[in-house]
Amino acid sequence: MRYLPLTPADRANMLDVIGAGGIDELFKDVPQAARLKSPVDLPNHAGELEVERRLSAMAAKNVAAGSVPFFIGAGAYRHHVPATVDHLIQRSEFLTAYTPYQPEISQGTTQALFEFQTQVALMTGMEVANASMYDGSTACSEAVLMAFRITKRKKAILSGGLHPHYRAVVETMERFDADADNELVVCPPVIGGAEDLIGKIDDTTACVVVQNPGFFGDIQDLSALGRAAHEKGALLIVVVPEAVSLGLLKSPGAMGADIVVGEGQSIGNALSFGGPYLGLFATRQKYVRQMPGRLSGETVDANGKRGYVLTLSTREQHIRREKATSNICTNSGLCCLAFTIHMALLGEEGFTRLAKLNHESAVKTAEALEGIPGVDVLTPSFFNEFTVRLANPAGEVVEALAGKGVLGGVPASRLMPDNDSVADLLIVASTETNTDADRAAFAAALREVLQ
Amino acid sequence: MNRQGRPTSAGAPSPSAAPETFSGNKGLEQDEPLLFEIGRDGICGVDLPAPDKGIVSRLGGLERDGAIGLPGVSEPEVVRHFVRLSQKNYAIDLGVYPLGSCTMKHNPRLNEKMARLPGFGDIHPLQPVSTVQGALELMEELAHWLTTITSMPGVALSPKAGAHGELCGLIAIRAALEAKGDKRSRVLVPESAHGTNPATAAAIGYEVDEIPATADGRVDLAAYREKLGPDVAAIMLTNPNTCGLFERDIIEIAEATHDAGGYFYCDGANLNAIMGRVRPGDLGVDAMHINLHKTFSTPHGGGGPGAGPVVLSEALAPFAPLPFVRRAGDGFELVEDESQTKGENPFGRLVAFHGQMGMFVRALSYMMSHGGDGLRQAAEDAVLNANYILASLKDVMSASFEGPCMHEALFDDKFLDGTGVTTLDFAKAMIDEGYHPMTMYFPLVVHGAMLIEPTESESKESLDRFIRTMRGLTEQAKAGDKTRFEGAPYFAPRARLDETGAARKPVLRYTQPQQPAEAAE
């Protein structure tokens, strides 16, 4: 077995040193009844070529996004990732390092995390950001719990524009969290119109959670909502499902957000069927001790040289145990690194231009679809994603499009199967990766399917 | 003939100490400022087409005003920046990384290649299910391997890491109890447990009650029985435990738990020691997370990402969260919503989408490479290596418990008594020797803990060098050479860092230095 360096002679020799008659003696504490008599019923070891053959056969049964006109978003976005990113994150020193618990020999990781935190804080318009959560949805539920802790109130209002999976994760955590009195007010989706969240805020509200761009692609100015929340002593939590939008849209911080969470996948990271991704988490300096997750902070070494260490760990489970702000331990380290490298390459000019190109692509796609009978674009203002109403159920249309070799968006019904009013809605994303030819192919296929 | 040529011998040794350099670099070790200090306007590391001026914006006036403040850096500078940073990291590919309870084993590159196949890396979680049948097949195959290795009937794949898996398992337990109308308030956790265990139990509303250990480092069965009662929802037990010992009474512990109407949550962080030799299902386990980033070699990546699938017993399997894969005819379907369930009773959703697919591919690639036979051999070698270290060091260091150990050897700081050297000092001196320190000050049940987990990836020669080094350091500490330890590390990119200062005045991001006020004209 190529991964195991001990020879049979080594093993015998080592058993001698230990003073054991055989390997079984080392397992003598295992109760007799639980010792496996025969090997587990699985295939034997295999060479690289064989493994590659078997896995490649599975991969070949999937339609890769890059092989077809592709317009799917709804919380995960396909962008071009520069070759440099994937090369650098595969360097052994980044890829095969553990959490930087020994900072003197982990400065690569801790400095990169410090840079990541700075980038996220700048992009979101917030004062501080942590070193990542698992993904956008878990970051969102952690933000709600943090708002409960800060305000010592028990009610969270969730906008109908919140991604249904994010809503479901918040609901799971609210249902099973430590406080039985916590309450969620879940608003129904409003498509193409304004949602009245301000009217729902009262003196018992801990936070209002609103997604921008919303699940249906709509973008809105949240400044008034932020002011209304603050007047009642509630926090504004802004969820950003598409980090590239921060290059073009007014930042959540500028609109009064107290906590900003987001999905960072679309910068530096592959679609990878839903994971691994990275949760962004930013807030105000004054709330930092209530924050979940790791933080890298600046310090000096014994010679006075600048360095970085994981800090404020008295919030965390390995120190505080049952009193920790969260149980999170492993986060999304390498995905953060990919994000940080991609952002470094983009810089101010590249990032803002990338965001413009995305908006432009979506506008062109909307224009390409608008002329088709049976298609109505419903989203008045959007970034790189919008919703259309179709003459036929969207789920069937999407399957028919896939049959024609086009991956043409997400039917809202897939994520909201119990809501009949969204059965004919299709959510369409369009990024810098889409070409005019993709758009033409999409429009032609959709026209045929709807005929 | 050039008689003034390049000298090829080392020359006479210089008596002087290493000089301070003008550059701040030390040979191969390059000093590197922050991105924000090297960036400037007018430079970009990507070439993107110019936006089309003919497009009418549909942003509804929501454009950001003002710059973000991101630095501009060219591609070669970005590459150099991150390569320089990388060289300040220790890594499993560089040397022994014996972090106990972390299982820093070899990360095969085949796994990386497989995860990057476009059919896995470039598919969207919300593509029509008909276009991702191979992905669902892979998830089913992974589930088959995990349930076979553990002899557990069910598995929830979606948890994103070990602690997330704990959350999944404990919520399943709570949901199962509530389905029976049984409301319980306590979770029992040994003193030696990972911090995530009590943090998880507390996060979902359980009071955490500690179970004392026996003198031989295991759960005190009699004390445990006394703590059990009708209000106990579960025990959370790591096995092998964090002292590196197999819990001899584990079957009795499981039975007592079940007799009291509770469930047995096993922290699977140490599955690497027993895979192929012991199946948790045969021990009476009801739920156990599996850290794919420990046992099944997906890279730790400097802190993540991980993946924490949870295997579940018959009693808990119906409560597994959404989504899950189901066989349907010749293919597979993805159950994403309660309306699609057939008798299952999922407790809800833990995360958007379907879990850590990239990690699933890597873990399956690792498992297929090892096969059932290789996984068993890996566990045996991991245990053998740890016992070899224990046997080779216990005469000079203080082993906390009688062997044999499982995959990790626990020492305490008794052997340093009177030397003035602490566990921390000892660990930092290991850095100078080119080793990553072992896990220190954990588990909490022994004083100044040093938990060494070599894994199966080390050769005997590598272990022998490590052992010689540890013996040397031990002798030196006992000989009273404190400076070697107190000042360590000397040969790392940084000397000891001030962690207290970092926490007292947290600086968590870069801010532009204040520009000096312009002189009045």
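Predicted model: local features only at pLDDT ≥ 70, side-chain atom pairs only at ≥ 80, totals over all residues.
Residues are numbered from 1 along each chain as its sequence is written, and chains are lettered from A, with ligands numbered from 1, in the order in which they are written.

Let me start with chain B, whose C-alpha trace spans about 85 × 80 × 60 Å along its principal axes. Chain B holds 14 helices and 13 strands, these being DSSP runs numbered from the N terminus, with helices (H or I) of at least four residues and strands (E) of at least two. Of the 521 residues in chain B, 58% are buried, where buried is to say that 20 or more other C-beta atoms, placed from the backbone, lie within 10 Å of the residue's own.

Chain B is divided into domain 1 (110-367) and domain 2 (371-492), with bounds that come from an automatic or database domain assignment. The contact between them takes 20 residues from domain 1 of chain B and 20 residues from domain 2 of chain B, contact being defined by C-beta atoms, placed from the backbone, that lie within 7 Å.

Turning to the two chains, their contact takes 175 residues from chain B and 170 residues from chain A. On the chain B side, helix 10 (residues 357-393) gives the most, with 23 residues.

Leaving aside residues up to four places away in sequence, A:V209 touches several residues, including A:C140, A:V144, A:I237 and A:V239.

Finally, in chain A there is an open sheet of four strands in the order 10-11-13-12, with antiparallel pairing, where two strands pair if DSSP finds at least two bridges between them. Its edge strands are strand 10 (375-377) and strand 12 (410-411) of chain A, each pairing on one side only. Strand 12 of chain A joins strand 13 (residues 425-429) of chain A over two bridges in the antiparallel sense, and A:P411 stands opposite A:L426 in strand 13 of chain A.

Notes. Buried ≥ 20, exposed ≤ 12 C-beta atoms within 10 Å, placed from the backbone.
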